[in-house]
Amino acid sequence: MFNPRNIARWLAVLAACANLSQAAKVIPPPPAEPAVPAPVSRFTAADVPNDGGGAVRLSWAPSPFDSAALRFAAPDDPARAVKAYRLFRSMGRSGEYSQLIEVGPGTTEFPDEGLANGTAYHYRIQAVGAAGGLSPVLEASAVPRASWFNGERTNMVAALVLVAGILLLFIVRARSGVAMSIRKIAGLAAVDEAIGRATEMGRPILYLPSGGLSAVSDIQTLASLVILGRVAAKTAEYETKLLVPCSDPLVMALAREIVKASCMEAARPDAFRPENIRYLTNEQFAFTAGVDGMMLRERPAANFFIGTFYAEALILAETGYATGAIQIAGTAMITQLPFFVAACDYTLIGEEIYAASAYLSKEPVLLGSIKGQDWAKAAAIAVIVAGIALETLALRFPQLHAFAAQWLLPK
Amino acid sequence: MAVFGIWLGALLTLCIYSFLYRDNPLYKFAEHVYVGISAGYFVAAEVHNVLLPNLIAPLRSDFGHRFYLLVPGLLGVMVFFAFSRRLNWLLRYPLSFVVGMGAGLTVTAMLSADVMAQVQATALPLNSVNNVLLAGGVLATLVYFFFSAEHKGAVGGVAAAGVWYLMIAFGAAFGYTVMARISLLIGRMQFLLGDWLHLLR
C-alpha cells in the first residue's frame, strides 16, 4: 500500500508545478505594439508666394486611414484610424526637431508664420493612430522669402497703368494747347457768391478742411486744401477774414502754407493772418464744440465744410444753418452726404470735390487730368457693360462665366 | 470719487446741452474745458503711444540695427521749424513726405476698393429686377460724374436718373444714421436719469 517511491514521485511533480507557476509570474508575455496608422503622402513645404516673407506653407495628402479624407479606407483594426497629425520643425536637417503643432484629422495644410527670411527650415510629419501608434515620418524643407511682386495683383497694375496712361495722355494734350472744358458744378459756382456775400456783410468766412478725425494724408483733406487755396486767394483779394480751424496739427501747418502762398499769389501778403488758421483738438466732438462756438461768436457769413467728415457733419451744418450763413459742403463720405444735402445750400458730392481744383483754377493741366478721369470712367463703364453681357449670356452658355471671371473680372 | 465723476459728467453734459437754447457762459466753459483737456490728452497720448515705443525705445535698445529711425525722427523735428521765421521752409519736407505717401497709398487702395470691387460687383446677369436696378443705377450714377461733358440731351437724361439714384440712397442713409443718433441720445439720457438722478431702475 504505502510505497516511498510514490511519495518521492508526487513531491517531484508538485515541485515542478510550483516552479512553473513561479516562472509565469516573473516573465510576462511581451506587450502588443500599438496599431500603426498609414502615413500621409506628398508632404511638401514651400515658401508662401506673393507675401512679405516669413511664412512657409506645409501641405500633405491625408493618410488613407483618415476618416475625414475623401479616399478613406477603413483599417482592419479601428486602432489604426488617424487621430491627429503631428508637425515638427528643425533649423537643421540633422538637428533636433521640436513639435510645432498637432492638427486634427482632415487637415491637409498648415501655414508656419513668423519665420526668418532666407533661413532653411526642415519639417517632419507623423500620423497619430487612435491607440497612440505613430506612423513613419516624412520630411520636407523650405526657405521663406519675401516677394518683390504680388502676382495676384497683376490686374491692379494693369488698371493703374491704363488709368495713369490715359491721364498722362490728356495732360500732355492739354499742355500742347488743346482746349478742354468742364461742365458747371453748382456747388463750386457758388463759391464766388459766398465769398462776395461775406465781403458785403463785412463778416468772416469759415473754412473747415476736414472734420474732427482726419489726417493730412487723407486724400479728401488734400482735395479740400486745394480748394482752400482758391478760396484764400479770393478772400485776400477782397480783404475778407478767413477762419480755418483744424483738427490735426499737420493739416494746420499745410493750411497755413497754402493760404500764405495764395495771399502772395493775390499780391496781398499782408492779408495772411496765421493766427486765423488754428489748431483746436484732435478729439472729434471737442473739435465740433469748438467750431460751433466759433460759428456763434464770430458769425461767419459763409461756411465751407469740405473734406472727410463723420458724425460731426450734421452738428456743424445745423449750427451753421441756425446762424444764417450760406453753406457749401463737400465730402465723399456716403453716410454724411445726406446731412450736408439736407442742411447746406450747396453740396459737392463725392468726386466733385476732386474736380473742384480744376474747375476753380481752369488750369489746362488740371483740366486735362479731369478729361483723362472721364475716359477712365468710360473704360470702367465699358468693362461693366461687357461683364453684364457675358454674365447674362452665361445663363445659357455657362462656360462664359469662367471666361469673364478669368479675363474680364479677375478677383 | 466715482460720485464726483458722475456729478461732473452730468453737469458738463447739461452745460453742453444748454447750447440748444443759445450760446451762453455755461456752454463756453464746457467747450473750453473739453477742447483744452482733449488737446492736452492728445499730446500725452502721442508721446506715450507713438514717440516712446516707436522711436525712443528702439533707438535706446538697439541703435546699431535701428539707426534708420533717425530719418523719421529728423522729419518730425523739422515740423518744429514752423515756429522759425527764417527756417520755416524746412517744414515743407516732412509735409511733402506725408502728403506724397498719403496720395500714393490711396491710389492703389481706392482703385482696388472703389473701382475694381465696384466693377466686379456690378457685372451681374440681368435675370432679376434687383440686378437690373443695380446695374442701371451704377451706370447712370457714373454718367452723372462725367465732368468734361455737358449734361444735355441723352447724357443729361441719364445723369438725371443718376441724381435720383443718389438721392434715394441718401434718404435711406439719412434714416439709418438718424436711428443711430437716437441711440446715442438714449445713452446720454440713461446716464443722466439713471447714473446721476437714479430715476431709472
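**Note on a two-chain predicted model**

1. Arg297(A) and Glu31(B) form a salt bridge, with their closest N and O atoms 2.7 Å apart. A salt bridge here is a side-chain nitrogen of Lys or Arg within 4 Å of a carboxyl oxygen of Asp or Glu. The pair crosses between chains, from helix H6 (residues 284-298) of chain A to helix H2 of chain B. Helices (H or I, at least four residues) and strands (E, at least two) are DSSP runs, numbered from the N terminus. Side chains of opposite charge can pair when their charged atoms come close.

2. A word on conventions. This is a predicted model, in which local features need pLDDT of at least 70 and side-chain atom pairs count only at pLDDT 80 or more, while totals for chains, interfaces and linings use all residues. Residues are numbered from 1 along each chain as its sequence is written, chains are lettered from A and ligands numbered from 1 in the order in which they are written, and side-chain values use heavy atoms, with hydrogens and water left out.

3. Are the two partners in point 1 buried or exposed? Arg297(A) is partly exposed, with a relative accessible area of 32%. Glu31(B) is buried, at 5% relative accessibility. The cut-offs are these: buried is under 20% relative accessible area, exposed is over 50%, and partly exposed is in between (1.4 Å probe, protein chains only).

4. Now the whole interface. In chain A, 68 residues are in contact with 57 residues of chain B. Contact means heavy atoms within 4.5 Å. The two chains bury about 5,400 Å² between them, 73% of it on carbon and sulfur atoms. Buried area is the accessible area (1.4 Å probe) that two parts lose on being put together, summed over both. In chain A, Arg183(A), Arg297(A) and Ile384(A) lose the most area to chain B, together 13% of what that side buries. The rule finds three salt bridges across this interface.

5. How many salt bridges does the structure hold over all chains? There are 14. One of them joins Asp270(A) and Arg268(A), at 2.9 Å from N to O. Asp270(A) is partly exposed, with a relative accessible area of 44%. Asp270(A) and Arg268(A) also belong to a network of salt bridges with Glu239(A).

6. Another salt bridge links Lys377(A) and Glu351(A), with the closest N and O atoms 3.1 Å apart. Lys377(A) lies in helix H10 (residues 364-393) of chain A, and Glu351(A) in the loop between strand E13 (346-349) and helix H9 (352-361), so the pair ties together parts that are 26 residues apart in sequence. Lys377(A) is buried, at 8% relative accessibility. Glu351(A) is partly exposed, at 22%.

7. Lys377(A) also touches chain B. Leaving aside neighbours within four places in sequence, Leu142(B) is in contact with Lys377(A), Ile381(A) and Ile384(A). Leu142(B) sits in helix H6 (residues 129-144) of chain B. Its C-alpha atom is separated by 44 Å from that of Gly73(B), 69 residues away along the chain.

8. Gly73(B) brings us to H4(B). Gly73(B), Leu75(B) and Met78(B) are buried in this helix. What covers the buried residues of H4(B) includes H2 and H5 of chain B.

9. Which elements line the second largest pocket? Helix H5 (249-265) of chain A and helices H2 (25-61), H4 (70-78) and H5 (92-122) of chain B each supply at least two residues. H2(B) gives the most, with eight residues. The pocket holds about 1,600 Å³ of space. It has 39 lining residues, and the closest to its centre are Pro249(A), Leu250(A), Gly76(B), Val79(B) and Phe80(B). By class, the lining has 27 nonpolar, six polar and six charged residues.

10. The pocket terms need their rules. On a 1 Å grid over the protein atoms alone, a pocket is an open set of points where a 1.4 Å probe fits, with protein on both sides within 12 Å along at least five of seven lines; lining residues have an atom within 4 Å of a point. Grid points are joined across faces, edges and corners, and a volume is the space filled by probe spheres set on the points. Ala, Val, Leu, Ile, Met, Phe, Trp, Tyr, Cys and Pro count as nonpolar, Asp, Glu, Lys and Arg as charged, and the others, Gly among them, as polar.

11. Last, a backbone check. Arg42(A), in strand E1 (residues 41-47) of chain A, has a positive phi, near 50 degrees. Arg42(A) is exposed, with a relative accessible area of 67%.
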